[in-house]
Amino acid sequence: MRSNRNKSERIFIIKKVGITILFIAGIVVATALFMSHDAPAPKAKVSQTTSETTPAKQTTESSAEALPDVSPTDWQLVLVSPEHKISKEVSANQLVTVDGGQQIDRRIQQPYEELVAAAKKAGIQLKLISAFRSVSDQTSVFNTRVAQLMSRENLSEEAAKKRAMQTMTEPGYSEHHTGLAIDVVDQEWLASNPSMILDESYSEHTGAKWLQENARRFGFIVRYPDGKEAITKITYEPWHLRYVGEESAEYIEAHHITFEEFIRELTEK
């Protein structure tokens, strides 16, 4: 199973956070750089029965009449995943800079800011860790990993690429290329867990629980839910949100389906 989060990518993300978390930068960077690149991907709690049998049942229960009046070709519903390469990278003039120099598609700036404001009202200070990532940036991270594997394990380039793809997203297949995906945690978690910012254990934290229940109100979904790895091809990431629009987000979360399943339902209606 592939994941777009391994320790190489975490180093890349932590470096981009940089100035915005200066007060813990020394600890974060030092710890991240010390991490081994050869550690396995985060353990996914996969249930084969749930992953393989639930989608069909959910699709049956989800009536076509209840589907939002949207099209799978709408800009906010572009599907990018380990099995779906991005057809066109978001243009630079479509991006807007928000917290700490991170960039997102300008069309989701208002929903994002409303999400942050609502969380703050609930006593949760959200922190944007990573957003838009260009194909070239992903290529740099990926190539670095391949080079390390070739050198450290004496692998051929082909073998090294295959190994890298077990724990990384291949350039062109990352949802971060769309400008519609954000990685967010909260300040309390960030301050207490500087060496494992993006970790599955965040799901038990107050901030993650709030996001799971409330992100949909602003058009965001938890893109890679627990137990759905067989469909998404990505391990559980409670910090990774994806903008799909309010109606679609409410439908997806209410029916407990993945984005992939939602797109399939739209295509089949």
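At what angle do the axes of helix 10 and helix 11 cross, and within what distance do they come? In this predicted model, where local features need pLDDT of at least 70, side-chain atom pairs count only at pLDDT 80 or more, and totals for chains, interfaces and linings use all residues, the axes cross at roughly 110 degrees and come within 10 Å. Residues are numbered from 1 along each chain as its sequence is written, and side-chain values use heavy atoms, with hydrogens and water left out.

The secondary structure consists of eleven helices and six strands. Both kinds of element are DSSP runs numbered from the N terminus, helices being H or I runs of at least four residues and strands being E runs of at least two. The protein has 269 residues, of which 53% count as buried; buried means under 20% relative accessible area, exposed over 50%, and partly exposed in between, with a 1.4 Å probe and protein chains only. Among the contacts with a separation of 6 or more, 75% are between residues 24 or more positions apart, a contact being heavy atoms within 4.5 Å.

Two packed helices are described by the angle between their axes and the distance between the axes. The axes are lines fitted to C-alpha atoms, for helices over the stretch in contact, and the angles run from 0 to 180 degrees between N-to-C directions. Angles under 35 degrees count as roughly parallel, over 145 as roughly antiparallel, 65 to 115 as roughly perpendicular and the rest as oblique. Helix 10 and helix 11 are therefore roughly perpendicular to each other. Their crossing is right-handed; this term applies if the near helix is turned clockwise from the far one by less than a right angle, and left-handed if anticlockwise. On the helix 10 side, S248, Y251 and I252 meet F259, F262 and E265 of helix 11. The residues of this contact comprise four nonpolar, one polar and one charged. In this classification Ala, Val, Leu, Ile, Met, Phe, Trp, Tyr, Cys and Pro are nonpolar, Asp, Glu, Lys and Arg are charged, and the others, Gly among them, are polar.

The loop between helix 10 (246-254) and helix 11 contains H256. Phi of H256 is near 55 degrees, a positive value in a residue other than glycine, and H256 is exposed, with a relative accessible area of 58%. A positive phi, near 70 degrees, also occurs at K233, again a residue other than glycine. K233 is located in the loop between helix 9 (229-232) and strand 6 and is partly exposed, at 28% relative accessible area.

For helix 5 (residues 135-153) and helix 6 (residues 157-164), the axes come within 9 Å and cross at roughly 120 degrees. These two helices are therefore oblique to each other, and their crossing is right-handed. The residues F142, R145, V146, L149, M150 and E153 of helix 5 meet E157, A160, K161, R163 and A164 of helix 6. By class, six residues of this contact are nonpolar, none are polar and five are charged.

A nonpolar core is a set of buried Ala, Val, Leu, Ile, Met, Phe, Trp, Tyr and Cys residues joined through side-chain atoms within 4.5 Å. The largest such core has 33 residues, and those with the most contacts inside it are L115, I182, V185, F220 and L241. Two or more residues each come from helix 4 (109-121), strand 3 (126-130), strand 4 (181-186), helix 7 (187-192), helix 8 (206-214), strand 5 (220-224) and strand 6 (237-243). Helix 4 gives the most, with five residues. Neighbours within four places in sequence aside, V185 is in contact with Q125, L126, K127, I129, L190, I197, L198, Y202 and W239. Another core, of 14 residues, lies apart from it and includes L67, A249, Y251 and I263.

I263 belongs to helix 11 (residues 259-268) and is buried, with a relative accessible area of 11%. Residues up to four places away in sequence not counted, I263 touches P72 and L77. The C-alpha atoms of I263 and I252 are separated by 10.0 Å, the two residues being eleven apart along the chain.

D105, in strand 2 (residues 103-105), is buried at 1% relative accessible area. Apart from neighbours within four places in sequence, D105 is in contact with V90, Q94, L95, V96, T178, G179 and L180. The C-alpha atom of T178 is separated by 6.8 Å from that of F132, 46 residues away along the chain. F132 is placed in the loop between strand 3 and helix 5 and is buried, with a relative accessible area of 11%.
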